[in-house]
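Good morning, everyone. I would like to take a few minutes to walk through one model, so please have the sequence and the coordinates open as I talk.

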Amino acid sequence: MIEFSRYGQSDLPTVRKTVLDVYGEVYEGTDTFHATSRFAERLTMHSANPTWEAVIGYEEGEPIGFTYAGALSPRTRWWTVMTKPLPEDFTKETGTRTLALYELMVRMKWRKTGQAKKLHDELLAGRQEERVTLLVDPDHPKVKALYEEWDYQHIGHQQPFPDSPLYAVMLKQR
């Protein structure tokens, strides 16, 4: 039986190693942008957001995967790196309008068991934002198709870092 635990910003020191270990296992041997050391920098940046939350799934104490997110602030740069600008009324953030789902990953043993959706839904169940946005690497069309099954729509592309992939940007109204 999978149990889900929710963690806030103040809990990061407790779960940081678990998150980094799962990430490292999932992305082992890939490019430098996806190296665990680079991810650790992004995790630090993302978790500086006071609205940051994570959900980790455990089976008999073993982590099966995690997801984390935070609300976009009024000063976010999230929408400024779109390859084609979106309308100003669409990109205006209030700090409670849009949740950025930064990461969602499941370890190999638990893939194709519905656990990604359960992690996703558990995280969103505790949130009040009216919509959710996320990035998908176009080299993973099955992941993009999965998000589309979950009612996310492709709204454009962005490259948030000079060495990152050109991501598909997806959005779901809640």
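Predicted model: local features only at pLDDT ≥ 70, side-chain atom pairs only at ≥ 80, totals over all residues.

**Burial, fold and salt bridges**

Of the 174 residues in the protein chain, 46% are buried, where buried means under 20% relative accessible area, exposed means over 50% and partly exposed is what falls in between, with a 1.4 Å probe and protein chains only. Residues are numbered from 1 along each chain as its sequence is written, and side-chain values use heavy atoms, with hydrogens and water left out.

Let me begin with the chain as a whole. The protein chain contains 5 helices and 7 strands, these being DSSP runs numbered from the N terminus, with H or I over at least four residues for helices and E over at least two for strands. Followed along the sequence, the pattern is β-α-α-β-β-α-β-α-β-α-β-β. The radius of gyration is 15 Å, close to the 16 Å that the globule rule gives for 174 residues, so the protein chain is as compact as a globular protein of that length; the radius is taken over C-alpha atoms, and the rule is 2.2 Å times the number of residues to the power 0.38. Along the principal axes, the C-alpha atoms fill a box of roughly 45 × 35 × 30 Å. Among contacts with a separation of 6 or more, 68% come from residues 24 or more positions apart, contact meaning heavy atoms within 4.5 Å.

Now to the sheet. Its 7 strands form an open sheet with mixed pairing, in the order S1-S2-S3-S4-S5-S7-S6, and two strands are taken to pair if DSSP finds at least two bridges between them. At the edges are strand S1 (2-8) and strand S6 (153-158), each of which pairs on one side only. Neighbouring strands of this sheet are turned by 25 degrees against each other on average, direction ignored. Strands S4 (residues 98-106) and S5 (residues 131-136) run parallel and are joined by 4 bridges, and Ala-100 stands opposite Thr-133 in S5. Helix H2 (residues 36-47) packs on the sheet, where it touches strand S3 (62-71) and S4, and its direction makes about 50 degrees with that of S3; axes here are lines fitted to C-alpha atoms, for helices over the stretch in contact, and angles run from 0 to 180 degrees between N-to-C directions.

Helix H4 is worth a look as well. Which of its residues are buried? In H4 they include Gln-115, Ala-116, Leu-119, His-120, Leu-123 and Leu-124, and what covers the buried residues of H4 includes S1, S2, S3, S4 and S5.

Turning to charged pairs, the structure holds 12 salt bridges, a salt bridge being a side-chain nitrogen of Lys or Arg within 4 Å of a carboxyl oxygen of Asp or Glu. One of them pairs Glu-25 with Arg-107, with the closest N and O atoms 3.0 Å apart. This pair links distant parts of the chain, since Glu-25 is in helix H1 (residues 12-27) and Arg-107 is in the loop between S4 and helix H4 (115-125), 82 residues apart. Glu-25 is partly exposed at 39% relative accessibility, whereas Arg-107 is buried, at 14%.

Another salt bridge joins Glu-53 to Arg-127, again with the closest N and O atoms 3.0 Å apart. Glu-53 lies in strand S2 (residues 53-59) and Arg-127 in the loop between H4 and S5, so the pair ties together parts that are 74 residues apart in sequence. Arg-127 also forms a salt bridge with Glu-129, where the closest N and O atoms are 2.7 Å apart. Salt bridges that share partners join Arg-6, Glu-53, Arg-127 and Glu-129 into one network. Glu-53 is buried at 16% relative accessibility, Arg-127 is buried at 8%, and Glu-129 is buried at 8%.

Finally, consider Lys-144, which lies in helix H5 (residues 141-149) and is buried, with a relative accessible area of 18%. Which residues does Lys-144 contact, leaving aside its neighbours within four places in sequence? They are Val-136, His-154, Ala-168 and Met-170. The C-alpha atoms of Lys-144 and Met-170 are separated by 8.7 Å, although the two residues are 26 residues apart along the chain.
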